[in-house]
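Dear colleague,

I am handing over the structure we spoke about. Please look through it first; my notes on what was found follow below.

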Amino acid sequence: MRLALALVCLVMATVASAENVVLGLSQRSVSITTNFDGSEILIFGAIKRETALPEGDPIQVVIAVSGPSQPLTVRRKDKRFGIWINTAEVEVDSAPAFYAIATSAPFAEALTNTQDLRHRVSISRAIRSVGAPKDVENAVDFTKAVIRIRKENGLYQLRENSIEVTEQTLFKTSISMPANLTEGDYQTRIFLTRSGEVVSEYNTVIEVKKVGLERFLFNLSRQQPLIYGLLSLAIAIFAGWGASAVFRVFQRN
């Protein structure tokens, strides 16, 4: 029985590895400067096969790009006695700062619910929130609020049918990255699926980093907060004095 099971597993592994991704990126790093207003990453690749093209449903491609994950506190506000106050809060254990999904078909067709649960691809499953307070009603609404707000800011994206697949071999798409990116490693996962089942997975990283003046100010704020505070105060005073001087010149004229 054990021998038969091992043989079945070996055959399944061979079938799963019959199609693999050969990937290309237009850029493997994104530099955040003082005038950074977003970036677009072109992701393209090919499907390498050791055997003939399998019969049945066509190959589908799912790409997920995830920024650094971090915990956050989500608060609910209610109007009490004419003012808005915090009435409940939930700690979200981990939520990616950026998350984009691109698919070659509608998401539900490209990936089954079971496979989504296993690989945690969809936006809702990329967020981990456990142990909400018992006195908080509808705790799931707090996670939905995170998704809604970050979608509005362009930080969470679901782009169905945005991957172009040619001759079941070549694929390409682009991921728009907004200006308000968080620095760090952006994990990029590419899934090949048939009938919603994952047959191959490829992982790579896109590096997002601050450079130039942005990097200097960021490091200064973390390593020398006192100097950073004094410098900020000096710049604010100088800017205020400069604006006042210009205003006086216009008044005289």
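**Salt bridges and core**

At 47% relative accessibility, Arg148 falls in the partly exposed class. Please keep in mind that this is a predicted model. The side chain of Arg148 forms a salt bridge with that of Glu152, at 3.9 Å from N to O. Glu152 counts as exposed, with a relative accessibility of 58%.

Helix H5 itself covers residues 140–152 and reaches 19 Å from first to last C-alpha, close to the expected 18 Å. Its buried residues are Phe142, Thr143, Ala145, Val146, Ile147 and Arg150. Just after H5, Gly154 has a positive phi of about 80°.

The structure holds 4 salt bridges. One of them joins the side chains of Arg194 and Glu19, at 3.0 Å from N to O. Arg194 belongs to strand S11 and Glu19 to strand S1, so this pair ties together parts that are 175 residues apart in sequence. Both Arg194 and Glu19 are buried. Another salt bridge links Asp116 and Arg125 through their side chains, at 2.9 Å from N to O. Asp116 is buried, at 4% relative accessible area, while Arg125 is partly exposed at 21%.

As for the nonpolar side chains, the largest nonpolar core has 48 residues, of which Phe98, Tyr156, Phe171 and Met177 touch the most other members. Strand S4, residues 60–66, gives the most to this core, with 5 residues. In soluble globular proteins, nonpolar side chains tend to be buried together.

Regards

Notes
Residues numbered from 1 in each chain as written. Predicted model: local features only at pLDDT ≥ 70, side-chain atom pairs only at ≥ 80, totals over all residues. Heavy atoms only, no water. Helix = DSSP H or I, 4+ residues; strand = E, 2+ residues; numbered from the N terminus. Expected span 1.5 Å × (residues − 1). Buried < 20%, exposed > 50% of the residue type's maximum accessible area, 1.4 Å probe, protein only. Core = buried A, V, L, I, M, F, W, Y, C linked by side-chain atoms within 4.5 Å.
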